[in-house]
Amino acid sequence: MTNTQSNMRWGEDGPVSLFTYVHFIVGMIARLIGIPIGWWLVMNMIFESFENTCWSINFFRGLATKAKSSLMTAKEASEFPLYEGDSPINSLCDIAACTVGWFVANWLIDLYHEWHMDKKN
């Protein structure tokens with residue numbers, strides 16, 4: 001692969017990406033809507049496994065193609081890379097971010113309840 005071609009890839013190669021922060025926020029939302037941590041971990045692992053299947057990667061490539069055609073000039077679209085899925089380390093970090101998000105939300109809920117009870121007394 002030439003240097004130009006390697007720059008055209010778009011995947012989650014490193015441990016943390018922009019989407020890792022999205023996973024953190026979704027973990028917080030999961031706790032706020034009452035999903036138990038055990039179910040949350042199982043759902044997350046299933047999602048991360050599914051996210052890296054050929055079908056899913058092609059689906060995300062299709063979304064990127066639609067976004068390219070409506071949001072970019074022809075020159076920008078020709079430079080837009082292909083999605084290639086997450087690296088194993090990124091998938092693990094996404095699962096960790098979802099889990100940490102869940103526990104942070106749980107901690108904030110506990111703090112709120114303690115504060116609320118102190119105000120009543």
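## Cysteines

Cys54 is exposed, at 63% relative accessible area, while Cys98 sits at 2% and counts as buried. For these labels, buried means under 20% relative accessible area, exposed means over 50%, and partly exposed is whatever falls in between, using a 1.4 Å probe and protein chains only. Looking for disulfides gets you zero in this structure, where a disulfide is a pair of cysteine sulfur atoms within 2.5 Å.

## What you're looking at

This is a predicted model, so local features need pLDDT of at least 70 and side-chain atom pairs count only at pLDDT 80 or more, though totals for chains, interfaces and linings use all residues. Residues are numbered from 1 along each chain as its sequence is written, and side-chain values use heavy atoms, with hydrogens and water left out.

The protein chain has six helices and two strands. Reading along the sequence, the order is α-β-α-α-α-α-β-α. Helices (H or I, at least four residues) and strands (E, at least two) are DSSP runs, numbered from the N terminus. Of the 121 residues in the protein chain, 30% count as buried.

## Helix H2

H2 has 15 residues, which should span 21 Å at 1.5 Å a residue, and its end C-alpha atoms agree with that at 22 Å apart. The expected span here is 1.5 Å times one less than the number of residues in the helix. The buried residues of H2 are Thr20, His23, Gly27, Met28, Ala30 and Arg31. Seen down the H2 axis, they fall within an arc of 160°, so they line one face of the helix. That arc is taken over the directions from the helix axis to the C-beta atoms.

Just after H2, Gly34 takes a positive phi of about 95°.

## A nonpolar patch

Which residues form the nonpolar patch on the surface? They are Val16, Leu18, Phe19, Tyr21, Val22 and Val26, with about 570 Å² of accessible area together. Patch members need over 30% relative accessible area and no salt bridge; like charges are joined within 9 Å, and nonpolar side chains (Val, Leu, Ile, Met, Phe, Trp, Tyr) within 5 Å. A salt bridge, in turn, is a side-chain nitrogen of Lys or Arg within 4 Å of a carboxyl oxygen of Asp or Glu. The areas come from Shrake-Rupley with a 1.4 Å probe, and for residues only the protein chains shown count as cover.

Val16 is found in the loop between strand E1 (9–12) and helix H2 (18–32). With 47% relative accessibility, Val16 counts as partly exposed.

## Helix H3

H3 runs over residues 37–51, and its 15 residues reach 21 Å from first C-alpha to last, close to the 21 Å expected at 1.5 Å a residue. Trp40, Asn44, Glu48 and Glu51 are the buried residues of H3. Down the H3 axis they fall within an arc of 65°, so they line one face of the helix. Turned away from that buried side, the face of H3 carries the exposed residues Trp39, Ile46 and Ser49.

Leu41 lies in H3 and counts as partly exposed at 28% relative accessibility.

Tyr83 lies in strand E2, residues 82–86. Is Tyr83 buried or exposed? At 4% relative accessibility, Tyr83 counts as buried. The C-alpha atoms of Tyr83 and Phe60 are 6.9 Å from each other, and the two residues are 23 apart along the chain.

Ser91 is found in helix H6, residues 88–120. At 11% relative accessibility, Ser91 counts as buried. A separation of 9.0 Å lies between the C-alpha atoms of Ser91 and Asn52, which are 39 residues apart along the chain.
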